[in-house]
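Hi everyone, thanks for coming. I'd like to walk you through one protein today, starting from a single residue and then stepping back. Let me put it on the screen.

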Amino acid sequence: MLFRSQADTFFETGTGFGLGVQVARTVPFRQIFSVEIVAAEVERIRPAFSSDRRVQLLIGKSIDVMQQLLPKIPGNMIFWLDAHFPGAHHHIQGYDAEKDLDTRLPLERELTLIKQLRQGKRDVILIDDLRIYEKDNFEWGNLSDFGQGNVASYDNKFLYSTFQETHDAHRFLNHSGYLALIPKPLAPPANAT
């Protein structure tokens, strides 16, 4: 899969250990945003990125922060969507502790907001942990392999339908699975030779 992106902003949901921000810092992005719902996780990693003025670590629900910021960001963006099961990766709470589905698994709402608030943009959307939304031969297995199938959401239609007119979907089974939504090639102008 080869594509070119003119994105100058990186926007991540689900800061976690800060690895997404760490990788984004190696690219000449103008702005790097990372949103995390668990304040303790943000405060733990904040010192590591305090010297980079491009990095903004934000605390809150991803969908709330996206509603506020996305309309204000010009240009194209690269999204890394990785918000799910707040606090579970750091054993702050269990995978099924959060009862509100939009907080526990906000991906469908995140994609809807990107589509609504970023119309006309050629954003690249990268989704982590595809195994939450579908079963397949993922390198690291399915959630049901670990007795966690009850916390997953296997209705994956929204992953492919939300951007089907403007983006091509590319699936990867590496690790816990990835989905890349890449803008479709632009049609040449009608008068092009």
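Let's begin at Gln31, which sits in strand 2. Please keep in mind that what you see is a predicted model.

So, is Gln31 buried or exposed? Its relative accessibility is 17%, and because the limit for buried is under 20%, Gln31 counts as buried.

And what does the side chain of Gln31 pair with? It makes a polar contact of 3.5 Å with the side chain of Thr9. Leaving aside residues up to four places away in sequence, Gln31 touches Asp8, Thr9, Phe10, Arg54, Gln56 and Ile73.

Now for the nonpolar cores. The largest one has 29 residues, and Phe11, Phe79, Leu111, Ile125, Ile127 and Leu159 have the most contacts inside it. Several elements each supply at least two residues of this core, among them strand 2 (31-36), helix 5 (107-117) and strand 7 (178-183). There is also a second, separate core of 15 residues, including Ile32, Ile45, Val55 and Leu57.

Have a look at Phe79 while we're here. Again setting aside residues up to four places away in sequence, its contacts include Phe11, Met66, Ile114 and Ile125.

Finally, the whole chain. We have 6 helices and 7 strands, and along the sequence they run β-α-β-α-β-α-β-α-α-β-α-β-β. Of the 193 residues, 45% are buried. Taking contacts between residues at least 6 apart in sequence, 61% join residues at least 24 apart. The protein exposes about 10,500 Å², with carbon and sulfur atoms supplying 52% of that.

Thanks, and I'm happy to take questions!

Conventions: Residues are numbered from 1 along each chain as its sequence is written. This is a predicted model: local features need pLDDT of at least 70, side-chain atom pairs count only at pLDDT 80 or more; totals for chains, interfaces and linings use all residues. Side-chain values use heavy atoms; hydrogens and water are left out. A nonpolar core is a set of buried Ala, Val, Leu, Ile, Met, Phe, Trp, Tyr and Cys residues joined through side-chain atoms within 4.5 Å. Buried means under 20% relative accessible area, exposed over 50%, partly exposed in between (1.4 Å probe, protein chains only). Helices (H or I, at least four residues) and strands (E, at least two) are DSSP runs, numbered from the N terminus. Contact means heavy atoms within 4.5 Å. A polar contact is a pair of N or O atoms within 3.5 Å; within protein, one must be able to donate a hydrogen and the other to accept it, and residues adjacent in sequence count only if both atoms are side-chain atoms. Accessible areas come from the Shrake-Rupley method with a 1.4 Å probe; for residues, only the protein chains shown count as cover.
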